[in-house]
Amino acid sequence: MTAQTCQCIETEVRESIARHRDDPGALIKVLQEVQEGLGHVPRQAQEQIAQGLGVSLAAVYGVVSFYSLFSLKPKGRTRVACCAGTACYVRGSSDVLARLEHELGIKAGDTSDDGEFSLEVVRCLGACGLAPVMTVNKDTHARMKPDRVSELVSKYKARPR
């Protein structure tokens, strides 16, 4: 981690703590702002949050690791989520996921080396009638089939940065 990166993390955390120090639920609010600002909640930020709010590092890590909103690793610019809920699974989401892993060259839970794509599995996207479902950033793609994945990934790869 570079000195500039460390400074960015410290600034983000310090400013968020200053805004929420006396608020009930400050931990969640600070974590949300750090996640939004940095794209993830690295260990350095967790340590600084624990110290700044006077809570244990274990408490901070417990919240970060429990809620799917928070990530310990940086996410890609394009976030792909494949639903593995019951309806989606029964209708073939595991085959869609396998094809996504192949097309993106990463496994679920990882981010591509260029930082462009992240792939994750979620338990339910709340669109069971459209199963299998996946999202790419805020776009929902319904009734996915493995043979549609390649074209969809190509569309997002072709977007301007």
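Asp-23 is partly exposed at 28% relative accessibility, a class that lies between buried (under 20% relative accessible area) and exposed (over 50%), computed with a 1.4 Å probe on protein chains only. Asp-23 forms a salt bridge with Lys-29, with the closest N and O atoms 3.8 Å apart; the term denotes a side-chain nitrogen of Lys or Arg within 4 Å of a carboxyl oxygen of Asp or Glu. Lys-29 is also partly exposed, at 31%. The model is predicted: local features need pLDDT of at least 70 and side-chain atom pairs pLDDT 80 or more, while totals for chains, interfaces and linings use all residues. Residues are numbered from 1 along each chain as its sequence is written, and side-chain values use heavy atoms, without hydrogens and water.

In the whole structure, eight salt bridges are found. Among them, Glu-116 pairs with Arg-77 at 3.2 Å, N to O, and with Arg-159 at 3.8 Å, N to O. Arg-159 lies in the segment after helix H7 (146-157) and Glu-116 in the loop between H6 and E2, so this pair ties together parts 43 residues apart in sequence. Helices (H or I, at least four residues) and strands (E, at least two) are DSSP runs, numbered from the N terminus. Glu-116 is buried, at 5%, whereas Arg-77 is partly exposed at 36% and Arg-159 is partly exposed at 28%. Shared partners join Arg-77, Glu-116 and Arg-159 into one network.

Helix H3 has buried residues including Gln-44, Ala-45, Ile-49 and Leu-53. Gly-54, with a positive phi near 70°, follows H3.
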